[in-house]
Amino acid sequence: MPHLVIEYFAEDGIDRRAVLQAAVACAAASGVMQRGDIKARLLPAEAVLLGDGGQSFIHVTIALLAGRRPEAKLALAEAMTRDLRATCPEIHAISVDIRDMDPGCYKKSLLRSG
């Protein structure tokens, strides 16, 4: 936790590694989360129809445990949008949504080595 889920569609593809690296770097620099806690993944959309006629998009959903200040979350959303635009200037639409997770209901299990 936190989770960065990056959905995308682009006929010509995207530089997946660059997108993941930009997203993780931005999130880590935000002060909202620690780099070692971030889990980022890309989910390609098989086909899309954008109502405005666009041909490509990136949408990032950031799931965080509740408790961050609204100003910090807004700054993260703005920075993520800016950094992904710099990484993928050809993408028609880039958007970010930050979701609060209920810490009382979030559970995880880690495999312990050794």
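## Where helix α1 ends

Helices here are DSSP runs of H or I with at least four residues, strands are runs of E with at least two, and both are numbered from the N terminus. This is a predicted model, where local features need pLDDT of at least 70 and side-chain atom pairs count only at pLDDT 80 or more, while totals for chains, interfaces and linings use all residues. Residues are numbered from 1 along each chain as its sequence is written, and side-chain values use heavy atoms, with hydrogens and water left out.

As for the helix itself, α1 covers residues 16-29, and its end C-alpha atoms sit 20 Å apart, which agrees with the 20 Å that 14 residues should span at 1.5 Å a residue. That expected span is 1.5 Å times one less than the number of residues. On its buried side (buried means under 20% relative accessible area, exposed over 50%, partly exposed in between, with a 1.4 Å probe and protein chains only) α1 has Val19, Ala22, Ala23, Val24, Cys26 and Ala27. These buried residues pack against β1 (3-10), β2 (39-44) and α2 (70-87).

## The overall layout

Now for the whole chain. The protein has 2 helices and 4 strands, laid out along the sequence as β-α-β-β-α-β. Its C-alpha trace spans about 45 × 35 × 25 Å along the principal axes. Of the 114 residues, 37% are buried. Taking contacts (heavy atoms within 4.5 Å) with a separation of 6 or more, 76% are between residues 24 or more positions apart.

## β1 and its partners

Strand β1 is mostly covered, with 7 of its 8 residues buried. β1 pairs with β2 in the parallel sense over 6 bridges, and with β3 in the antiparallel sense over 8 bridges; to count as a pair, two strands need at least two DSSP bridges between them. On the β2 side, histidine 3 has lysine 39 as its bridge partner.

Together, β1, α1 and β2 form a right-handed β-α-β unit. Right-handed here says that, with the strands pointing away from the viewer, the path from the first strand over the helix to the second runs clockwise.

Threonine 61 lies in β3 (residues 56-65), and its side chain makes a polar contact with the side chain of histidine 59 at 3.4 Å. A polar contact is a pair of N or O atoms within 3.5 Å; within protein, one must be able to donate a hydrogen and the other to accept it, and residues adjacent in sequence count only if both atoms are side-chain atoms. Leaving out residues up to four places away in sequence, threonine 61 touches His3, Leu4, Val5, Glu7, Asp97 and Arg99, while valine 60 touches Val5, Ile6, Met80, Leu84, Ser95, Val96 and Asp97.

Val60 is also among the residues with the most contacts inside the largest nonpolar core, which has 30 residues. Such a core is a set of buried Ala, Val, Leu, Ile, Met, Phe, Trp, Tyr and Cys residues joined through side-chain atoms within 4.5 Å. β1, α1, β3, α2 and β4 (93-101) each give two or more residues to this core.
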